[in-house]
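Please work through the following exercises with the sequence and the model at hand. Each task is followed by a solution in steps.

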Amino acid sequence: MTSAMLFTIAIVGGYLLGSIPFGVIATRLGGAGDVRSIGSGNIGATNVLRTGRRDLALITLLGDGGKGAVAVLLAWLATRHGTVEQQAVLTALAGGAAFLGHLFPVWLGFKGGKGVATFFGTLLAAAWPVGVLAGATWLIVAFLFRMSSLAALVAVALAPAITLLIGRPPAIALLALFMALLIYVRHSDNIRRILKGEEPRIGAKKPMEGHNGGPPMPPELYTDKRPPDA
């Protein structure tokens, strides 16, 4: 098989694999409706969790991460007799294509997820030490600041440098940079909320409707018949 054919198969196959919308499939088959109609409308595990179904969120997380990993591993197997550079280039192409497929899936009118789970799955398969260190970075930032989006943004930003520092091929570093840039684009709203101090924190509860953060209750509902501070 020629190099051109391998590259074509890696790109097209990776994209189609990455386009599988596990969040939509899991919620529909699981009886939770269409995840695109709830919460943020995103197809990722975080929004699936808003259905109240942790099992479906876990399936989505594993599926979104797994499709990037599978694309990379298939490309690695196809070039297992080649050089390290050839393997790196083909796995980077396949992983990058799978990542693009998740963000812009052909089956959903090119409206996909934000890519964090697929980023980690792809990176773990392409260069597992980088994936582990990026995951550790996510955990540390999430623990310190209680913001999932900030943790992801810091982790993906450091991944390309980590890739080069531990001596992985430049093609893998370019893959990490490519995915990081797209994640920043897809997280533009989150970045604005972080800068304004309005980004939701992990474990924070939303204000309840009524007198606790909502409109004032009618005076007749108070036991003393008077609204507070009257």
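**Exercise 1.** Determine how many helices and strands the protein has.

*Solution.* Helices (H or I, at least four residues) and strands (E, at least two) are taken as DSSP runs, numbered from the N terminus. The protein has 10 helices and zero strands. Its pattern along the sequence is accordingly written α-α-α-α-α-α-α-α-α-α.

The model is predicted: local features need pLDDT of at least 70, side-chain atom pairs count only at pLDDT 80 or more, and totals for chains, interfaces and linings use all residues. Residues are numbered from 1 along each chain as its sequence is written, and side-chain values use heavy atoms, with hydrogens and water left out.

**Exercise 2.** State what share of the residues is buried.

*Solution.* Buried means under 20% relative accessible area (1.4 Å probe, protein chains only).

**Exercise 3.** Describe how H1 and H4 are arranged.

*Solution.* Step 1: two packed helices are described by the angle between their axes and the distance between the axes.

Step 1: the axes, lines fitted to C-alpha atoms over the stretch in contact, with angles from 0 to 180 degrees between N-to-C directions, come within 9 Å for H1 (residues 3–18) and H4 (residues 54–78) and cross at roughly 160°.

Step 2: H1 and H4 are therefore roughly antiparallel, a term for angles over 145 degrees.

Step 3: the contact (heavy atoms within 4.5 Å) involves Leu6, Gly14, Leu17 and Gly18 of H1 and Lys67, Val70, Ala71 and Ala78 of H4.

Methods
Buried means under 20% relative accessible area, exposed over 50%, partly exposed in between (1.4 Å probe, protein chains only). Angles under 35 degrees count as roughly parallel, over 145 as roughly antiparallel, 65 to 115 as roughly perpendicular and the rest as oblique.
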